[in-house]
Amino acid sequence: MITLKNIEKVYQTKTIETVALHNVNLHIPKGEFVSVMGPSGCGKSTLLNIMGLLDEPTNGIVEIDGQPISRYRDKELAHIRNQKIGFVFQSYHLINDLSVLDNVELPLLYRSGTSAAETRHLALTALEKVGLSARTKHYPTQLSGGQRQRVAIARALIGQPELILADEPTGNLDSVMGEEIMNILLTLNRQDGTTIVMVTHDENMAQKTERLIRFFDGQQVSDAKTTAYDYQKV
Amino acid sequence: MIRHLFKLIWNRKRSNFLLITEIFFCFLVLFAVLSLIVYNVRNYYKPLGFEHENVWMLTMRPDTDSTALNRQTLEQIMQRAKGFQEVESVALTNSNAPFAFSQMNNELSYGEKKMMANEYLVQDDFDKVMRMQVSHGRWFGQQDNASHHYPIVINRALQQKLFEGEDPLGKLIPRNDSSSYQVVGVVEHYRPSSEYTAEEPGFFNRIHLPKNENEFYGELLLRVKPGMGVEFEEKMVKELSGISKGWTMEVATLEKMRQNKAKMAKVPMIALTIICGFLILNVALGLFGVLWYNISRRNSEIGLRRAVGAASSQVYRQFIGEVLVLATFGLVLGVAFAIQFPLLQVFEVESVVYFIALGIAVGLIYLLAIGCAFYPSRQAAAIHPAMALHEE
């Protein structure tokens with residue numbers, strides 16, 4: 001699904017050079033649920049941005065479905081993000097002036113050939129999947145944190161992406177809400193075969209995924225299958 | 001996407017209220033000033049109905065009250081003026097000659113209809129001096145000497161209002177005394193007031209010196225040959241002053257008088273345009289500032305849109321689109337107000353003037369909105385999505 005080869009990311013100002021990622025090599029096959037852990041500032045989010053084509057590596061190659069994306073221009077990258085990738089953020093990134101339904105429909109606004117009726121149908125289906133079909137007309141400010149994150153997941157789902165990148169999706173939630181969100185992600189992975197890469201600080205959540213990659217100071221320090229994953233029940 | 005933009009702006013109507021109000025007022029001011037400009041420009045391109053080039057107006061003020069003596073001198077002056085080789089034709093008129101700062105009007109009635117119309121007293125050769133064309137009927141002539149009625153030539157505007165579909169020729173219009181005016185001709189246009197003034201109903205009344213024995217006319221129009229200048233003016237005034245000792249004489253070209261009249265229309269137009277320009281500049285700066293601020297507040301939303309598949313060009317178009325939608329809200333209110341002017345026929349101005357002004361004002365507001373949104377939108381499109389998402 002996605003392969004990173006010798007990825008290096010350096011942030012450079014006039015005076016300081018900060019290495020965010022150094023020599024990262026990863027292959028994430030289709031259908032895998034991977035968690036990424038590490039202390040703050042170790043490069044987890046940078047890794048996710050590069051995987052999500054929101055940022056470019058300073059050096060190295062990113063391949064999606066075997067195709068290197070370095071030759072793609074802004075418009076083509078946007079198209080790939082729209083077609084293949086869904087994002088879930090720690091702070092939800094919902095637009096407060098749009099209803100739940102409109103927020104969920106957002107990715108399809110940038111996809112040509114989808115009618116308004118079809119968009120509506122897909123949005124309702126996505127909301128049903130996350131258990132929020134009763135809240136379509138609500139606004140984000142009228143929802144709890146867990147509900148907001150479920151809206152964000154529905155938004156990530158609507159385009160039926162092959163890959164979901166989740167940046168600390170349970171980071172702002174209490175443990176019960178966190179569990180709920182995690183269960184939704186696990187269901188998506190197991191039932192729909194969606195590839196998920198999740199950045200988390202929570203060891204328990206990470207252990208529920210199939211594979212755990214640890215980062216430290218911009219370098220990949222471990223990459224192993226978890227033991228608990230096979231026995232998890234959703 | 002358009003539906004999405006309308007929804008977004010509508011849902012943000014509270015925070016956008018001031019911007020919409022600003023656009024609404026800006027549109028109204030622009031509409032008012034443009035209506036004035038369109039009105040004047042349209043009038044400017046309409047025919048005047050006469051040729052004022054190479055026409056001079058000699059204004060004469062006698063030093064005595066003796067009408068008989070003054071009339072005798074006036075006839076001598078006219079005789080001499082006609083005698084100059086440089087002069088093609090002359091005609092007496094009253095003080096409301098073309099481009100003069102004077103007006104005279106009279107109430108006319110025909111059947112049930114009554115209306116005010118400008119009255120122009122002119123001699124028979126006035127049509128030659130001003131090179132006017134009669135489109136229907138005839139101009140004044142010797143055949144009118146024996147008429148029992150007062151012959152008049154009317155303009156088309158008067159014909160349409162007083163006689164509507166009827167042929168006006170030969171029609172009698174009662175005067176204040178027991179006599180009547182009789183229509184002998186119609187001219188298509190006559191706009192002596194100014195190039196920027198609309199045509200008003202008017203009629204020419206004949207000056208026939210033998211008949212108007214007790215009247216004195218102090219304005220003489222002369223059509224001179226092309227190229228006549230100050231030299232001839234001095235020579236003419238000197239000779240005519242020799243005939244009319246003690247009279248005050250003043251010569252002005254109709255071109256100069258036209259320019260003076262034009263200034264009166266242009267000055268308020270220019271002043272209002274400048275004031276309007278400053279107002280628009282203020283609105284533009286305000287709009288630019290607010291848009292800039294709004295966009296900087298929406299970094300996270302921009303990042304999100306990029307993440308879900310918007311290319312930077314789509315973000316650019318979205319912000320331009322939002323401003324256009326915002327302008328549309330202001331304009332819908334403004335147009336709803338402005339459309340009342342043509343519907344209610346305010347100020348008796350042709351509806352087309354308002355419609356043209358409305359169209360230009362709408363176009364200018366959209367241009368202004370695009371102009372103000374251009375740079376902030378470009379900045380929004382240039383925002384790095386990863387950075388924007390990180391800012392939340």
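Helices (H or I, at least four residues) and strands (E, at least two) are DSSP runs, numbered from the N terminus. Keep that handy for the tour.

What you have open is a predicted model: local features need pLDDT of at least 70, side-chain atom pairs count only at pLDDT 80 or more, and totals for chains, interfaces and linings use all residues. Residues are numbered from 1 along each chain as its sequence is written, while chains are lettered from A and ligands numbered from 1 in the order in which they are written.

**Stop 1: chain B, residues 274-385**

Select residues 274-385 of chain B. The UniProt record, an unreviewed entry, labels this span "domain: ABC3 transporter permease C-terminal". UniProt positions are given here in the numbering used for this model, feature names are shortened, and annotations may be inferred rather than shown by experiment. The span is 88% helix and 0% strand, and its end C-alpha atoms lie 43 Å apart.

Colour 16-39 and you'll see 100% helix and 0% strand, with 34 Å between the end C-alpha atoms. Residues 351-375 of chain B are 100% helix and 0% strand too, and there the end C-alpha atoms are 38 Å apart.

**Stop 2: all of chain B**

Chain B has 31 Å, but a compact globule of 392 residues would be near 21 Å.

Then select Phe99(B), in the loop between strand 2 (87-93) and strand 3 (105-110) of chain B. Is Phe99(B) buried or exposed? A residue is buried if 20 or more other C-beta atoms lie within 10 Å of its own, exposed if 12 or fewer, and partly exposed in between, with C-beta atoms placed from the backbone. Phe99(B) is buried, because 24 other C-beta atoms lie within 10 Å. Its phi is near 65°, a positive value in a residue other than glycine. Most residues other than glycine have a negative phi.

**Stop 3: chain A and its sheet**

Switch to chain A, where there are 7 helices and 10 strands. With a radius of gyration of 18 Å, close to the 17 Å that the globule rule gives for 234 residues, chain A is as compact as a globular protein of that length. The C-alpha trace spans about 50 × 40 × 35 Å along its principal axes.

Look for the open sheet of 4 strands in chain A, with order 2-1-4-5 and antiparallel pairing; two strands pair if DSSP finds at least two bridges between them. Strand 2 (17-28) and strand 5 (67-68) of chain A stand at the edges with a single partner strand each, so one side of each is left without a neighbour in the sheet. Strand 1 (residues 2-12) and strand 2 of chain A pair over 8 bridges in the antiparallel sense. Click Val10(A) and you'll find Val19(A) of strand 2 opposite.

Asn6(A) is also in strand 1 of chain A. Asn6(A) counts as exposed because it has 12 C-beta neighbours inside 10 Å, and its phi is near 50°, again positive in a residue other than glycine.

**Stop 4: where the chains touch**

Two residues are in contact if their C-beta atoms, placed from the backbone, lie within 7 Å. By that test, 23 residues of chain A are in contact with 21 residues of chain B. Helix 2 (74-84), strand 6 (85-89) and helix 3 (100-109) of chain A each supply at least two residues to the side that touches chain B. Helix 2 of chain A gives the most, with 6 residues.

Finish on Leu54(A), in the loop between helix 1 (44-51) and strand 4 (59-64) of chain A. Which residues does Leu54(A) touch, not counting those up to four places away in sequence? They are Asn49(A), Arg306(B), Ala307(B), Pro385(B) and Ala386(B). Leu54(A) counts as buried because it has 25 C-beta neighbours inside 10 Å.

Key. Rg over C-alpha atoms; globule rule 2.2 N^0.38 Å.
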